[in-house]
Amino acid sequence: MKLVGYLGLAALAASVVLGSTPSRAQNGSAGRESPPLRLVQEIPLPGVQGRLDHFTIDPKRKRVIVSALGNNTVEIVDVFAGRVIHSITGLSQPQGVLYIPEFDRLAVANAADGSVRIFDGTSFAPLASIDFGEDPDNLRYDAAAKRIYVGYGEGAIGVIDPKTNLKLPTTYKLDAHPEGFQLESKGPRIFVNLADKKNVAVINRTTGKITTWELGGVAANFPLTLDEAHQRILIGTRKPARLVALDAVSGKVVASVATAGDMDDLFYDEARSRVYIPGGEGFISVFEQTDPDHYVPMDRTATSVGTRTGTFYAKRDKVYLASPSHGNTGASLLVYEAED
């Protein structure tokens, strides 16, 4: 375990594009005794080079699992021990990763060879390789129906049965490659970012009907998450860099605020009514949701250039972010604790 002290914080802050980290008063959090996120740990990813992509969590074993796309590996990190305990090698540009607790399985989407590979969650032995043809990317799980959903190709979402590790005939055809998508837990819909079309597709899993919602002129919409309690869809766009909130009933844009640029993930902290958006330009934008239609900037927390993917581990109140290697500085997980 490597704790980051004042020197580590200074080094991270120095890497932020456009200069030093702004003061809290400049970003709407004046008067707070502490920032909303506090850097508490840096976990090395030894030997990992290149781009780091998406994450998943094994909650029972307290593991964070990272897709190291540029390294052709998946890194298994024990967050209690603060170290990598296993690397799955021989992958082919892994993008999406998904741990399924009830089956103790790990699914990995490989962009280069078109496969979704299934591994045992204990031994990490390979169990199956399922062909999706082209660019399988994000993975999501429907715990009620026990189905894995796979975004892939020029525009499709397919389905895997995790019990048999077989691809099912159900396929939802889309107008562009699916980027970030989420399944609502109390309804039949899937909300899908179609970045090439600058809109969001809404799939009804029961009827198969697909509609699209516009984003009000913004583009490059990659990450997407849900605030189901308030019926809001939260989307990050890169052109320009915005947090966009949609009403999940009407599809109307209800909020649009400037945020960190070059993002590829965003997280909703339901307990604190906050949104965390890591931007590759070198900081995390933090917003307070004062009501479902208003998002107030709280802080800009320093990370490092290229840090734009991660996960929010709600039960541990931690944000884990992937910091790629730079020069003589190796890749690592940056661990931030959410402060009340």
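Me: Where does serine 273 lie?
Reply: Serine 273 is in the loop between β22 and β23. Keep in mind that this is a predicted model.

Me: Is serine 273 buried, exposed or partly exposed?
Reply: Partly exposed, because its relative accessible area is 23%. Buried would need under 20%.

Me: How far is serine 273 from serine 129?
Reply: Their C-alpha atoms are separated by 39 Å. Along the chain, the two serines are 144 residues apart.

Me: What holds strands together in general?
Reply: Strands of a sheet pair through backbone hydrogen bonds, either parallel or antiparallel.

Me: Which sheet are β22 and β23 in?
Reply: An open sheet of 4 strands, in the order β22-β23-β24-β25, with antiparallel pairing. β22 (267-269) and β25 (294-302) are at the edges. Each has a single partner strand, so one side of each is left without a neighbour in the sheet. On average, neighbouring strands here are turned by 25 degrees against each other, direction ignored.

Me: New topic. How many cavities of 30 Å³ or more are there?
Reply: The structure holds 1. The largest cavity has about 50 Å³ of space.

Me: What lines the largest cavity?
Reply: Its lining includes Glu184, Arg189, Phe191, Leu226 and Asp227. Glu228, Gln231, Arg232, Ile233 and Ala248 are also part of the lining.

Me: How do those residues divide by type?
Reply: 5 are charged, 4 are nonpolar and 1 is polar.

Me: Which strands supply at least two residues of that lining?
Reply: β15 (189-194), β18 (219-227) and β19 (232-239) each do.

Me: Phe191 has a ring. How many aromatic pairs does the structure hold?
Reply: There are 4 aromatic pairs. One of them joins phenylalanine 191 and tryptophan 213: the ring centres are 6.1 Å apart and the planes are at 40 degrees, so the pair is tilted.

Me: What about tyrosine 313 and tyrosine 320?
Reply: They form a tilted aromatic pair, 6.3 Å centre to centre, with 45 degrees between the planes. Tyrosine 313 and tyrosine 320 are both buried.

Me: Which residues cover the two faces of β26?
Reply: Gly310 and Phe312 are on one side, and Thr311 and Tyr313 on the other. All four are buried. In general, side chains alternate between the two faces of the sheet in a regular strand.

Me: How does β26 connect to β27?
Reply: The two strands run antiparallel and are joined by 4 bridges. They form a hairpin with 4 residues between them. In the turn, aspartate 317 has a positive phi of about 55 degrees.

Me: Where is a bond cis here?
Reply: From lysine 239 to proline 240, with omega near -10 degrees. Proline 240 is in the loop between β19 and β20 (241-247).

Me: And what is the phi of lysine 62?
Reply: Near 55 degrees, a positive value. Lysine 62 is in the loop between β2 (55-58) and β3 (63-68). Lysine 198 also has a positive phi, about 60 degrees. Lysine 198 is in the loop between β15 and β16 (199-204), and its relative accessible area of 47% makes it partly exposed.

Definitions and conventions:
Residues numbered from 1 in each chain as written. Predicted model: local features only at pLDDT ≥ 70, side-chain atom pairs only at ≥ 80, totals over all residues. Heavy atoms only, no water. Pairing = 2+ DSSP bridges. Axes fitted to C-alpha atoms, helices over the stretch in contact; angles between N-to-C directions. 1 Å grid on protein atoms, 1.4 Å probe; cavity = no way out; pocket = protein on both sides within 12 Å on 5 of 7 lines; lining within 4 Å. Points joined across faces, edges and corners; volume = space filled by probe spheres on them. Nonpolar A, V, L, I, M, F, W, Y, C, P; charged D, E, K, R; others polar. Phe/Tyr/Trp six-rings, centres within 6.5 Å; stacked < 30°, edge-to-face > 60°. Buried < 20%, exposed > 50% of the residue type's maximum accessible area, 1.4 Å probe, protein only.
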